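The entries below keep the order in which I looked things up.

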Amino acid sequence: MMHFADSLTFSGRKAVAAWAALPFPAFSGSSLPDILSAHQQDVPWKLLSSWREQKVSCCFAQSVVLRGICKEKSTSSLGQPRSPLHSCESPEQGLQQYLHTHFPGAFSTAHVLQQPCDTRPPFPQFFSPLLTRRGFLLDKAQGSSSAGVESIPVLAALQSSPVLHSLLSGLCRDLRARNVRRCSSFFTAGVEQDDFQEALEELKTLSQCYETGFGADGSEDEADSD
């Protein structure tokens, strides 16, 4: 994973953010172009970090993998394509086109695998009743099923993006706000005060690598105020 993350980072960046749609929102029988066309405003996956919700409008590099969506062409492909997504020759091209539309200029890789994610026991059954046994969306709930959800389509992504500027600078600010001198066990574990301060400076420097020059939230200024 570390080497994979390295392939998506450059210019001093070392971290990537994980995103996922579990399950990927799709109705049974829908083609990938139809599904993606329904999410033109916002991408249908969420940040997995516990940091506050972020809407990402740009990124530097990303790798996206989609599993469990049938590779059939859209029925609209028999006639005039409804959108550029419907004119793509393969699901990978369609997903790549979608990523290029939402994140122009970013380095993106896209992979589409037909095999879904297996969710049979002992996988926890925390799914909504609005899902079929194969993890596709229903128009209305059909009640609980004793068989549960056996598999789901999943999208996962690793992304080097400006959202990490807020996340890392916020972490730095929270650590500065703590009086670690009161935590004797912290330093008895072998951490020196100077090493701790040096790590904070490195964290601050790392967060600055994700600034884009616009939309900055001033997190570093707040951190420096301590």
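How many of the five residues of strand β1 are buried? I found that β1 (residues 17-21) is mostly covered, with four of its five residues buried, where buried means under 20% relative accessible area, exposed over 50% and partly exposed in between, for a 1.4 Å probe and protein chains only.

I noted that this is a predicted model, in which local features need pLDDT of at least 70, side-chain atom pairs count only at pLDDT 80 or more, and totals for chains, interfaces and linings use all residues. Residues are numbered from 1 along each chain as its sequence is written, and side-chain values use heavy atoms, with hydrogens and water left out.

With β2 (residues 46-47), β1 pairs in the antiparallel sense over two bridges, and alanine 20 has lysine 46 as its bridge partner.

I then traced the whole sheet, which is open, has mixed pairing and holds five strands in the order β2-β1-β7-β3-β4. β2 and β4 (107-113) stand at the edges with a single partner strand each, so one side of each has no neighbour in the sheet. Helix α4 packs on this sheet and touches β1, β2 and β7, its direction making about 120° with that of β1; contact means heavy atoms within 4.5 Å.

Last, I asked which residues of α4 meet α6. From α4 they are His165, Leu168, Ser169, Leu171, Cys172, Leu175 and Arg176, and they meet residues of α6 including Phe196, Leu200 and Glu201. The axes of α4 (residues 163-177) and α6 (residues 193-208) come within 8 Å and cross at roughly 155°, where axes are lines fitted to C-alpha atoms, for helices over the stretch in contact, and angles run from 0 to 180 degrees between N-to-C directions.

How values were computed:
Pairing = 2+ DSSP bridges.
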